[in-house]
Amino acid sequence: MTSLQDYLNQKSTNTAVNEVILTIAEVGKTINHLLQRGAFADILGEAGNQNVQGEEQKKLDVIANDLLLEALTDCNHCAGVASEELDDATPANSEGDLLVLFDPLDGSSNIDINMAVGTIFSILPYQRQGQTATNADFLQKGDAQLAAGYLLYGPATMLAVSTGDGVAMFGYDPQQQEYLLIKDGVRIDEDTKEYAINGSNYRHWQQPMQQYVDEVIAGKSGVRGKDFNTRWVAAMVGDVHRILCRGGVFMYPFDSKDPNKAGKLRLMYEANPMSLLIEQAGGSSTTATQRIMDIEPNDIHQRVPVILGSKNEVEYIEQLHKNALKA
Ligand code: AFP
């Protein structure tokens with residue numbers, strides 16, 4: 001079987017990127033181990049503080065953040081590291097040629113109920129060698145990503161990665177303590193009957209999103225002429241993984257709940273890396289009006305609406321938004 005290291009050696013000539021991915025995968029083994037031990041490793045419950053997003057941090061949010069930060073700032077190739085949990089980027093080796101962004105523990109409300117959680121990462125080039133990296137260096141479009149991926153800590157731990165040439169999925173075998181290739185060239189079906197959205201926000205959505213959900217709920221008897229299923233993991237990693245495995249559409253759209261936030265998800269830590277994976281697997285990713293990886297970021301903690309997954313379904317949702325603008 002092909003190990004992660006062998007796969008990367010064959011697939012990508014950028015040894016610095018490969019080393020960073022392997023570093024993150026190593027930390028993933030530790031996070032996996034802590035999650036397996038759960039209550040016995042004292043990782044459950046609140047940390048007792050809030051992160052930069054004003055959200056309560058869980059103990060494992062803090063532990064995973066510290067583990068990744070330590071490993072990546074130690075890695076010679078990283079000029080800087082930015083975490084969803086920290087206000088500002090942390091400069092590392094100024095001679096490094098890479099910047100790394102991560103969401104250390106995605107879906108943290110799932111930790112205490114023994115449900116799937118994940119780690120998401122994005123790797124960008126660094127062009128100011130010799131100078132200290134700042135937040136501004138990270139403000140690059142999703143298209144600039146050299147690689148992105150996630151670790152999914154579910155019943156089994158898995159890693160999905162793209163270095164810009166397709167998507168590969170690995171399983172972590174705890175017996176061999178290795179990531180082994182399960183599937184290369186992952187492709188997403190263009191059509192789907194499965195959608196993921198937190199429907200409790202319905203009243204806060206814009207009309208086209210309400211219309212879309214009304215249509216899929218109407219199923220066979222409505223304009224779509226087929227029945228749909230709802231799925232919601234409450235950890236984007238879990239929903240994106242399902243979409244990479246069997247298609248579907250995931251939405252965290254614009255809503256009017258909090259006028260200061262254009263959606264819930266973060267562009268740099270969640271939307272961009274997941275968009276790279278989805279597009280590399282033949283899917284689409286949009287805000288409803290703009291391709292996600294075309295967005296020029298203005299803040300490392302910026303939030304964006306996200307609609308991603310099976311190409312034809314995403315295009316259908318975009319079309320509903322276009323129609324509403326014309327009306
Ligand atoms: P947390 O990591 O703060 O729990 O948020 C997870 C997340 O950003 C994303 O992974 C989920 O899809 C989404 O939030 C879940 O949001 P709801 O709380 O609205 O279900």
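**Reading the ligand site**

Me: In this predicted model, which side chain places an N or O atom 3.2 Å from an oxygen atom of the ligand?

Reply: The side chain of Glu270 does; one of its N or O atoms is 3.2 Å from a ligand oxygen. For a polar contact, the pair of N or O atoms has to be within 3.5 Å. Trp232 also contributes, with a polar side-chain atom 3.0 Å from an oxygen atom of the ligand.

Me: How much of the ligand's accessible area does the protein cover?

Reply: On its own the ligand has 490 Å² of accessible area, and the protein covers 85% of this. The ligand sits in the largest pocket.

Me: Which elements give two or more residues to the shell around the ligand?

Reply: They are strand S5 (98-106), strand S13 (249-252) and strand S14 (265-266).

Me: How many residues surround the ligand, and which are the closest?

Reply: There are 16, and the closest are Asp106, Gly107, Asn198, Met236 and Tyr252. By class, the shell has 8 nonpolar, 4 polar and 4 charged residues.

Me: Where does the ligand lie relative to domain 1 and domain 2?

Reply: The ligand lies between them, because domain 1 (4-184) and domain 2 (194-326) both give residues to its shell.

Methods. Residues are numbered from 1 along each chain as its sequence is written. This is a predicted model: local features need pLDDT of at least 70, side-chain atom pairs count only at pLDDT 80 or more; totals for chains, interfaces and linings use all residues. Side-chain values use heavy atoms; hydrogens and water are left out. A residue is near a molecule or strand if one of its heavy atoms lies within 4 Å of it. A polar contact is a pair of N or O atoms within 3.5 Å; within protein, one must be able to donate a hydrogen and the other to accept it, and residues adjacent in sequence count only if both atoms are side-chain atoms. Accessible areas come from the Shrake-Rupley method with a 1.4 Å probe; for residues, only the protein chains shown count as cover. On a 1 Å grid over the protein atoms alone, a cavity is a set of points where a 1.4 Å probe fits but cannot get out, and a pocket is an open set with protein on both sides within 12 Å along at least five of seven lines; lining residues have an atom within 4 Å of a point. A molecule sits in a cavity or pocket if more than half of its atoms lie within 2 Å of its grid points. Helices (H or I, at least four residues) and strands (E, at least two) are DSSP runs, numbered from the N terminus. Ala, Val, Leu, Ile, Met, Phe, Trp, Tyr, Cys and Pro count as nonpolar, Asp, Glu, Lys and Arg as charged, and the others, Gly among them, as polar. Domain bounds come from an automatic or database domain assignment.
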